[in-house]
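Please look over the chain shown here. A set of questions and answers comes after it.

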Amino acid sequence: MKPCTVLFLVAVLTASGAVRGASMAARSECDPWALRPCAPVILWSAPPSSACCARLREQRRCLCRYARNPDLGRYINSQNSKEVAAACRVRVPMC
């Protein structure tokens, strides 16, 4: 095999591994546990902390997925959750 061909194959395999790794990382960014700082706010109507608002902004694109989850949906769709989003100035996506 020519050296140029070997280098090309190595480059292609490396690039495909990087793309696969990036797509797996994107999937793992949706982490409902990241919203733990918001639990007291949603459960007991406490004022939202800056950590809660920051995490809510980070997880915004995942909220529809969480809302469809039978275990999480009742919390995500609750009135307290909507009030937290409003207090943190986070637009809740239409699911």
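Predicted model: local features only at pLDDT ≥ 70, side-chain atom pairs only at ≥ 80, totals over all residues.

Residues are numbered from 1 along each chain as its sequence is written, and side-chain values use heavy atoms, with hydrogens and water left out.

Q: How many helices and strands does the chain have?
A: Helices (H or I, at least four residues) and strands (E, at least two) are DSSP runs, numbered from the N terminus. Read from that end, the elements run α-α-α-α-α-α. The count is 6 helices and 0 strands.

Q: What share of the residues of the chain counts as buried?
A: Buried means under 20% relative accessible area, exposed over 50%, and partly exposed in between (1.4 Å probe, protein chains only). The chain has 95 residues. The buried share is 24%.

Q: What is the pairing of the bonded cysteines, numbered in sequence order?
A: A disulfide is a pair of cysteine sulfur atoms within 2.5 Å. The structure holds 4 disulfides. In sequence order, the pairing is 1-5, 2-3, 4-7, 6-8.

Q: How many residues apart are Cys-30 and Cys-62?
A: Cys-30 and Cys-62 form a disulfide, with sulfur atoms 2.0 Å apart. Cys-30 sits in the loop between helix 1 (3-28) and helix 2 (39-44), and Cys-62 in the loop between helix 3 (50-58) and helix 4 (63-68). The pair thus links distant parts of the chain, 32 residues apart.

Q: Left-handed or right-handed: which is the disulfide of Cys-38 and Cys-52?
A: The two sulfur atoms lie 2.1 Å apart. The torsion about the S-S bond of Cys-38 and Cys-52 is about 110°. The disulfide is therefore right-handed.

Q: How far apart in space are Cys-52 and Cys-38, C-alpha to C-alpha?
A: Cys-38 lies in the loop between helix 1 and helix 2, and Cys-52 in helix 3. Both residues are buried. They are 14 residues apart in sequence. In space, the C-alpha atoms are 4.8 Å apart.

Q: Which parts of the chain does the pair Cys-53 and Cys-88 tie together?
A: A disulfide joins Cys-53 to Cys-88, S to S 2.0 Å. With -70° about the S-S bond, the link of Cys-53 and Cys-88 is left-handed. The two ends are 35 residues apart in sequence. The parts tied together are helix 3 and the segment after helix 6 (79-87).

Q: Which residues of the largest nonpolar core touch the most other members?
A: A nonpolar core is a set of buried Ala, Val, Leu, Ile, Met, Phe, Trp, Tyr and Cys residues joined through side-chain atoms within 4.5 Å. The largest has 17 residues. Those that touch the most other members are Leu-56, Leu-63, Tyr-66, Val-84 and Cys-88.

Q: Why do the buried residues of helix 3 line one face of the helix?
A: The buried residues of helix 3 are Cys-52, Cys-53 and Leu-56. The exposed residues Ser-50 and Glu-58 are on the face turned away from that buried side. The arc is that of the directions from the helix axis to the C-beta atoms. The buried residues line one face because, seen down the axis of helix 3, they fall within an arc of 95°.

Q: Which helices do the buried residues of helix 3 pack against?
A: Leu-56 is one of these buried residues. Beyond four places in sequence, Leu-56 is in contact with Leu-35, Leu-63, Val-84, Ala-85, Cys-88 and Val-90. The buried residues pack against helix 2, helix 4 and helix 6.

Terms used
Contact = heavy atoms within 4.5 Å.
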